[in-house]
Amino acid sequence: MTIFGRKLVVLPFRRESSIDDNDGDIKPMLSSGGGGKAPILASYMIVLKDFIDKIDNVIDIQFLYGYYEPTLLIVYEPLKTFSGRVAVRTDTCAMAAISLNLQQKVHPVIWSVGNLPFDCVRAVPIKKPIGGTLIMAVNSLIYLNQSIPPYGVSLNSIAETSSSFPLKPQEDIKITLDCVQVGFLDDDTLVLSLKGGELYVLTLLADSMRYVRSFHFEKAAASVLTTCICICENNFLFLGSRLGNSLLLRFTEKCNEVITLDDMDEPSSKRHKTDSNKEGSITDSTGDRVMDSLNDCMASDVLDIRDPEEFEVYGNQKQTGIQITSYVFEVCDSLLNIGPCGNVSIGEPAFLSEEFNNNPDLDLELVTTAGYGKNGALCVLQRTIRPQIVTTFTLPGCSDMWTVKSGEDRHAFLILSQEDGTMILQTGHEINEIDNTGFATHCPTVFAGNLGNNKYIVHVTTVAIRLLQGINQLQHVPMDLGSPIVHVSSADPYISLMTTDGQVITLMLREARGSAKLVVSKSTLANNPPVSTICMYKDTSGLFTNKIPEEFTQAPQHVISETELKSEVENEDDLLYGETDFKMPSLNPPQPKPKVLVDNLESVNLSHSSPANESQIQQDYQVRELLMIGLGNNGSRPLLMVRLDRDLYIYEVFRFPRGNLKLRFKKIKHNLIYSPNMEGRIDTENSDFFAIQERTIKLRYFGNISGYNGVFICGANPHWLFLTSRGELRTHAMVIDGEVLSFAPFNNINCPQGFLYFNKKSELRIGVLPTHLSYDAPWPVRKVPLRYTPHFVSYHLESKTYCLVTSLAEPSNSYYKFNGEDKELSVEDKGDRFPYPIQEKFSICLFSPVSWDVIPNTKIDLDEWEHVNCLKNVALAYEGTRSGLKGYIAVGTNYNYGEDITSRGRILIYDIIEVVPEPGQPLTKNKFKEIYAKDQKGPVTALSQVKGFLVSAVGQKIYIWQLKDNDLIGVAFIDTQVYTHQILTIKSLLLIADVYKSISLLRFQEEYRTLSLVSRDFKPCEVYSVEYVIDNSSLGFLVSDRERNLVLYMYQPEARESLGGQRLLRKADFHLGQAVNSFFKIKCKLGELGDDKKHFSGADRRYISMFATLDGGLGYIMPVPEKTYRRLLMLQNVLVSQGTHIAGLNPKAFRTYKSWRKLQCNPARSIIDGDLVWNFMHLSITEKSEVSKKIGTKIEELIDDLTDIQKLTNHF
């Protein structure tokens, strides 16, 4: 049901009961089952004016419970008022209930109530047995039910003066219900989340006639500022929040308390006095008579309504006790939210291993402000992982490495494979090479690992396999298979070996009377066609099973115990591409051996139309490696990772009713571009060693690195892949050290839960994953709670600290009055139940990126009533004792005294100086030093610098100042539009953003000391933020507006339509769908591109404009060369028409510029939708080749374009 102002649209869904075929309004529609036709009534419009005269300004619509026909409750306000006019016009809201008869299309009004308080915000229908509805107003709460007089309470003292509706004061309660969110804990119990985050449990107390007699409020908890509430299952409560982390709470019932309704025979006045129960005064104020309208039951005293004669009809009520359930809430889980990002600053991480100090690219991190009030926080974001390096060794000639344990949890040995042998290192307090062990050291290693619960070590070379305990060899099994072993996969207690010609041998560890030996299992795979790659997997998820369990839960316990161990050995080429002529042998395994589940894909229909094409694809894209791994909560999310030469596909397992194994694989979308190692290969004459190098495992599972398990993906674009118990796949790049050739987890006394890797310079680095960030997020993030609202954050380069503007809101009972010539402070006392307005108190402080805390003794409190409008790090020419530019922190403020008193503000300029730190507090070496603080003629709304001068927007003028002897001397000024809230400068140009009048471009000429208007946008536009877009020598102006568009303007005086340069031309536009409040620009990242920059000419002089949105999103806009743009535009057009879109929506329509004003011109577009184009990477190989054929280009070219864009923008 939707409302267009004053109309309702009725959209009937499918009806179960069949209706007579001759009904003319029925449209036959095919049901999803494909079979019979389900009749659907035609949709139609209800014009509410025809049923309810004066209906306007609909506040809320709800369906009511307990009626035979669908009944719609509408709360509306025919004549609007506001708090300033309550003295003359009050109680303007009304309520009406409409019964919908869909066949006859008649809609009688069956119940209406007028004169409700003017501040009604929503209606909450109550289920049977009580029925009716709660009307929530800001200051009162009213229960209405048809044929029963209303019952209302005032929640604070404002309601008693602003409404003449009969309200009873609710004792011991002072709350307001604006922004309230509601959920039902029970049929008569609601949970309310107020705007301050308090959780109240509201119980409706009804007597035996089901009349609501009273409300009982209990404050249960203080929680996050809530945007929505949802009850999950039986006893979970989800609090969704836009301003903080969303929470999942469990609520449990506590012991009951008894509240009694007093005996009704006493006179009402006396009864009112005796009821001294503190839990909320419970008195009777509902009548039993059927009243026609509210006016019939209005009485002078609310407590005198009940008629004593009528009471006898229903029998006398003796003392009735009502039990009230109180609830306990406990937090189970939370979802991280970094939004709304009001302000972004680029800074430098405090810790960076010195190995990375000479990288060509700057090492940066993002800091954004988030949240409001007690949910205020700073979010520190890094896009790529930067390991903390413990130490580095240079070891040339190593092709691969393994770490193995010996009995305990720490790794005991490090095994390095080289062409002419194997190095065995013992890893204790220090790392030493050891000789005379049971390891095979004279030839390269293919695999080393643990069996038997980390008790035994197995060591595989090309021709043999050894079993060791510690350094002592227990067994040596020579393997003469005719060709060398090159690939090994193991799942305790099994190990599978594969040779170059595709033979597979499986061995099993047998332990008996203290000794252990490896026994060859019967081969389970035919050698024809040869196996190309194998992976063993031990299933703990309960998904790999022949029968689907009765209760379809995630992993039932009995299934896990029944299925014991299932060794999965699959010919994966067959699984992926399904060659038709090949059937897996189905075996009858002997009983003591493990069961082998074989699945030949009987129920997957592959298109057999073009076998030539299929086999061609198979030759071009061969599977190089597989990894089947159980991640998530106790391995309940098995993932299959398939690595091709230049591609990585990830599949997840889901239950499926057909087939032998009751499961299927589904491809997961991920933004990881795999590229193979280009460097670091060891040239060799030895064919065996060459084959081993070809088969080096690039997908490395790790069980515990800093508390995470996952997969490390080696290659030229190394990535960490995590899937925690939350169940969300996370991929984070680690590009800071270039290519990674091999990787191993390393748990050592000096490096707990760390890892080892080789980079392309043959350096073995021992590192740990920094734990101050959380990796279970799209970008590694740290959220620093502040408990107050952050407004601005800016990085100060010289002192390497952040300057932070915050505010704390507190109720205030004073305000300024204008008394003719001056203002005077007036203090009001309105009593206990008056909710005083909130007053923000601002302060400035220094924040340290080392401790992520406010530096002690740096906080400066601003005056009361003074609000900060802008904070900027400005470089000003210092004319005093030294020359050149110096960085200062400039703050613009305004005194918000109210509408009667003229706005005036101050400019504050601070220098951050170094002082001797206090003992024991090394961070206190920085302090603010005030350079300038003086009142201005108007509010200071924006600040910047140009050529060493300070630019400020004061009122409706823009001034340019010179800082001289700690004073500001005026240089030039110009008049502007309504309210300038942002000034950006580049060289001598100033780009100014106006709240209503779009943008203007000004120019400052230092030699003439003049400020002049160059050009501006003539169309009105409510600008949120602006930034420059720089592509070599061309300059654009990027604007984000209130309607969530991004628009790019350019200054082109040669163009005819620019009226000789007076008008800025709109060159590109794009509907982002999220409001952008903060931009920043950054140079393209060149370090990853390498020297081969032929695709992206001129990338060294191109800037990316990045933004953070109020929904907590991060994105960028980047200029691309014409050739790339054309190619990606064709790709975008193909994907719009051919691709599958979420919910069948159209991306082209969504990304078109939106405006409520009618535009006199066509949208300019010219911006490629990166999210849509990126979907090309998620297509299958056949779809990719089809799409690229349509465009007339190669798959590689498109992938190169997207990869280059990713490399250029891979900052932070």
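Which residues of α12 are buried? The legends below give the answer along with other close-up views.

The model is predicted, and local features need pLDDT of at least 70, side-chain atom pairs count only at pLDDT 80 or more, and totals for chains, interfaces and linings use all residues. Residues are numbered from 1 along each chain as its sequence is written, and side-chain values use heavy atoms, with hydrogens and water left out.

**View 1. Helix α12 and its buried residues.** Helices (H or I, at least four residues) and strands (E, at least two) are DSSP runs numbered from the N terminus. In α12, the buried residues are Ile1195, Leu1198, Ile1199, Asp1201, Leu1202, Thr1203, Asp1204, Ile1205, Gln1206 and Leu1208. Buried means under 20% relative accessible area, exposed over 50%, and partly exposed in between (1.4 Å probe, protein chains only). Because 10 of its 14 residues are buried, α12 is largely enclosed by the rest of the structure. These buried residues pack against β77, β78 (1114–1117), α8, α10 and α11, where contact means heavy atoms within 4.5 Å.

**View 2. Helix α8 and its packing partners.** The 17 residues of α8 should span 24 Å at 1.5 Å a residue, and its end C-alpha atoms are 24 Å apart, which agrees. The expected span is 1.5 Å times one less than the number of residues. Buried residues of α8 include Tyr1125, Leu1128, Leu1131 and Leu1135. The helix's buried residues pack against α9 (1147–1150), α10, α11 and α12.

**View 3. The largest nonpolar core.** A nonpolar core is a set of buried Ala, Val, Leu, Ile, Met, Phe, Trp, Tyr and Cys residues joined through side-chain atoms within 4.5 Å. Among the elements that give two or more residues to the core are β26 (365–370), β27 (377–381), α8 (1122–1138) and α12 (1195–1208). Leaving aside neighbours within four places in sequence, Phe1176 is in contact with Leu1131, Leu1135, Lys1184, Val1187, Ile1195, Leu1198, Ile1199 and Leu1202. Apart from this core lies another, of 34 residues, including Trp402 and Ile485.

**View 4. An open sheet of four strands.** The strand order is β37-β38-β39-β40, with antiparallel pairing. Two strands pair if DSSP finds at least two bridges between them. β37 (485–491) and β40 (515–520) stand at the edges with a single partner strand each, so one side of each is left without a neighbour in the sheet. Six bridges join β37 to β38 (residues 494–499), and Ser496 in β38 is the bridge partner of Ser489.
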